[in-house]
Amino acid sequence: DPVAHPTVPVAEGSRYLLELDTKEGIAASSWHTDVTFVPAYPAASILRAITIPEAGGDTLWANAVTAYEGLPEPLKLLADNLWAVHSNDYDYSEALANSAEQREKMRKVFASTVYETEHPVVHIHPESGERALLLGHFFKRFVGLNQQDSQRLFAILQEGRGDVALTCFK
């Protein structure tokens, strides 16, 4: 059954619209898996365009299986054994705010309840056995590593996937 975003208050019959307006050139411009800060993150997400611009506004889909497969073997071995802490204490939509007032409004919605959970960095599909990287905006740190080492390793995994991993689909 479809479930609303865990921090967005949606009353029965009401509608909440999160506008991702890129008029100012600010967008969610790095890949992520939705809502990884909860223990049972969604198997799928729905993005519905209400107003479609004549140009721009593209949504790109990255393949996290390809991202994992594109890693060199030593990084795969490392990633296979890592766990990461994910939190909604930061939400990419907050970066879209054009004013302090708008930023505070978004923060009150998305961090109204702060979640923090741990997931393996490599998700193994229960049926196909495919391995996929599970990282992105909600990453906070790697379990057992300090913040500085976590950020360096995160950057390697984010950027070190090569052109294969960043293959996106429109």
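# Exercises on packing and helix faces

H86 is buried, with a relative accessible area of 0%. Buried means under 20% relative accessible area, exposed over 50%, and partly exposed in between, with a 1.4 Å probe and protein chains only. The model is predicted: local features need pLDDT of at least 70, side-chain atom pairs count only at pLDDT 80 or more, and totals for chains, interfaces and linings use all residues. Residues are numbered from 1 along each chain as its sequence is written, and side-chain values use heavy atoms, with hydrogens and water left out.

## Exercise 1. The chain as a whole

Task: state how many helices and strands the protein chain has, and in what order they run.

Solution. 
- Step 1. Count the elements. There are five helices and seven strands. Both are DSSP runs numbered from the N terminus: helices are H or I with at least four residues, strands are E with at least two.
- Step 2. The order is β-α-α-β-α-β-β-β-β-α-α-β.
- Step 3. Check burial. Of the 170 residues in the protein chain, 31% are buried.
- Step 4. Check the contacts (heavy atoms within 4.5 Å). Among those with a separation of 6 or more, 74% link residues 24 or more positions apart.

## Exercise 2. A polar pair

Task: find which side chain makes a polar contact with that of H86, and describe both residues' surroundings.

Solution. 
- Step 1. T36 counts as buried because its relative accessibility is 1%.
- Step 2. List the neighbours, skipping those up to four places away in sequence. T36 touches Y41, H86, T117, H119, L134 and F138. H86 has contacts that include T36, T117, H119, L134 and F138.

## Exercise 3. The largest nonpolar core

Solution. 
- Step 1. A nonpolar core is a set of buried Ala, Val, Leu, Ile, Met, Phe, Trp, Tyr and Cys residues joined through side-chain atoms within 4.5 Å.
- Step 2. The core has 16 residues, and L71, V121, L133, L135, F142 and L157 touch the most other members.
- Step 3. Name the suppliers. At least two residues each come from α1 (64-69), α2 (73-80), β6 (139-142) and α4 (147-159). Helix α4 gives the most, with three.
- Step 4. Zoom in on F142. Beyond four places in sequence, its contacts are L82, W83, A84, V121, L135, S150, L153, F154 and L157.
- Step 5. In soluble globular proteins, nonpolar side chains tend to be buried together.

## Exercise 4. The faces of α4

Task: decide where the buried residues of α4 lie around its axis, and what they pack against.

Solution. 
- Step 1. Take the length. α4 has 13 residues and spans 18 Å from first C-alpha to last, close to the 18 Å expected at 1.5 Å a residue. The expected span is 1.5 Å times one less than the number of residues.
- Step 2. List the buried residues: S150, L153, F154, L157 and Q158. They cover an arc of only 135 degrees, so they sit on the same side of α4. The arc is that of the directions from the helix axis to the C-beta atoms.
- Step 3. Look at the other side. Q148 and E159 are exposed there.
- Step 4. Find the packing partners. The buried residues of α4 pack against α2, β5 (131-133) and β6.
- Step 5. Inspect the N-terminal end. N146 caps it, with a side-chain oxygen 3.1 Å from the backbone nitrogen of Q148.

## Exercise 5. Two further helices

Task: which residues of α2 and of α3 are buried?

Solution. 
- Step 1. In α2, L75, K76 and A79 are buried. They fall within an arc of 105 degrees, so they line one face of the helix.
- Step 2. On the other side of α2, E73, P74 and L77 are exposed.
- Step 3. The buried residues of α2 pack against α1, β4 (122-124), β5 and α4.
- Step 4. In α3 (100-110), M106, V109 and F110 are buried. Their arc is 85 degrees, so they too line one face.
- Step 5. On the other side of α3, A100, E101 and K108 are exposed.

Definitions and conventions
A polar contact is a pair of N or O atoms within 3.5 Å; within protein, one must be able to donate a hydrogen and the other to accept it, and residues adjacent in sequence count only if both atoms are side-chain atoms.
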